Amino acid sequence: MAPKVYLKFMSPPCRAVLTVARALQLELEIVEVDDEFMQGPDILKLNPQHTIPILEDDDFIVWESHAINAYLVTTYGSDDSLYPADPKQRAVVDQRLHFESGVLFPRFVDAFVPVLRGLTTQITDKCFEKIDEACGFLDSFLEDRTWLCGDEITIADASILCTMTAIEMAIPIDPEKFPRLADWLQRGKELEFFKEANDEILEKMAAYVRDKLGL
């Protein structure tokens, strides 16, 4: 039986799980959830934090996209290239993932969630500045590297690509200011497994975000 994932397609962390699954050529059973499910009693049986994505693999349940992706690679990957077993290499991947969860993604949420909830039609200057700073960090991570952690793509690239492709819908990445980041983003978007998991969703997301921003 295929692992089951509960998600919303427009969520970057949910798209990250779909992206890694495509990279692994792993079929998932997709359960798209709505707001009623997110606030109802059924989700409590799976995740008391009321967050998605949630992975259910037989009798094993885990949530939080980084944990899910590490589990998928370790369990279903033909090798460890997406999440290296070597302690030093894995530490770099983990650092990038912690950067996303602790820095990049919260700044995305601060900038975009008020817009998506209809509370405003503008992203504040402070949010622009915070995301600009995060882009600078990412650009520095890519010095002398093809991907965020080295010469091989990892789950950190897959995850951060999903957040950055959401950010650039309203905050374009300046290739002169962040040349390494801009090149990395373009390379990532051209990956076949990324396109399979994201292109259709991103097109719908972009239209939705533009509408909310009045563009």
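**Entry 1: Thr154**

I began with the neighbours of Thr154: leaving aside residues up to four places away in sequence, Thr154 touches Ser81, Leu82, Pro84, Val93 and Cys149. The model I am reading is a predicted one. I placed Thr154 in the loop between H6 and helix H7, the latter covering 155–167. Is Thr154 buried or exposed? I noted a relative accessibility of 3%, so Thr154 counts as buried, the cut-off for that class being under 20%.

**Entry 2: the whole chain**

I then stepped back to the overall fold. I listed nine helices and four strands in the protein chain. Read along the sequence, I get β-α-β-α-α-β-β-α-α-α-α-α-α. For 215 residues I would expect a radius of gyration near 17 Å if the chain were a compact globule, and the chain agrees because its value is 17 Å. The C-alpha trace spans about 45 × 40 × 25 Å along its principal axes.

Of the 215 residues, 47% are buried. Among contacts with a separation of 6 or more, 67% are between residues 24 or more positions apart. I put the accessible surface at about 11200 Å², with 50% of it belonging to carbon and sulfur atoms.

**Entry 3: charges**

I noted 21 positive and 39 negative side chains. The centres of these two sets lie 4 Å apart. Side chains of opposite charge can pair when their charged atoms come close. How many salt bridges does the structure hold? I find nine, and I followed up three of them.

*Arg22 and Glu196.* The closest N and O atoms of this salt bridge are 2.9 Å apart. The pair links distant parts of the chain, with Arg22 in helix H1 (residues 12–23) and Glu196 in helix H9 (residues 192–213), 174 residues apart. I checked accessibility on both sides: Arg22 is partly exposed at 28%, and Glu196 is partly exposed at 45%.

*Glu133 and Arg107.* Here I read 2.7 Å between the closest N and O atoms of the salt bridge. Glu133 sits in helix H6 and Arg107 in helix H5 (residues 87–116), so I have another pair linking distant parts of the chain, 26 residues apart. Glu133 is partly exposed, with a relative accessible area of 37%. Arg107 is buried, with a relative accessible area of 17%.

*Glu168 and Lys189.* This salt bridge has its closest N and O atoms 2.8 Å apart. Glu168 lies in the loop between H7 and helix H8 (179–190) while Lys189 lies in helix H8, so the pair ties together parts 21 residues apart in sequence. I have Glu168 as partly exposed at 24% and Lys189 as partly exposed at 25%.

I also traced shared partners: salt bridges join Arg22, Glu27 and Glu196 into one network.

**Entry 4: Asp57**

I looked up Asp57, which lies in strand E3 (residues 54–57). Which side chain of opposite charge is nearest to Asp57? I found Lys4, at 11 Å. Asp57 is buried yet has no salt bridge. Its contacts, not counting residues up to four places away in sequence, are Pro3, Tyr71 and Tyr76.

**Entry 5: Ser140**

Ser140 counts as partly exposed because its relative accessibility is 37%. From Ser140 to Phe178 I read 8.8 Å in space, C-alpha to C-alpha, against 38 residues in sequence.

Key: Residues numbered from 1 in each chain as written. Predicted model: local features only at pLDDT ≥ 70, side-chain atom pairs only at ≥ 80, totals over all residues. Heavy atoms only, no water. Helix = DSSP H or I, 4+ residues; strand = E, 2+ residues; numbered from the N terminus. Rg over C-alpha atoms; globule rule 2.2 N^0.38 Å. Buried < 20%, exposed > 50% of the residue type's maximum accessible area, 1.4 Å probe, protein only. Contact = heavy atoms within 4.5 Å. Areas by Shrake-Rupley, 256 points an atom, 1.4 Å probe, with all protein chains shown as cover. Lys, Arg positive; Asp, Glu negative; His and termini not counted. Charge placed at Lys NZ, Arg CZ, Asp CG, Glu CD. Salt bridge = Lys/Arg side-chain N within 4 Å of Asp/Glu carboxyl O.
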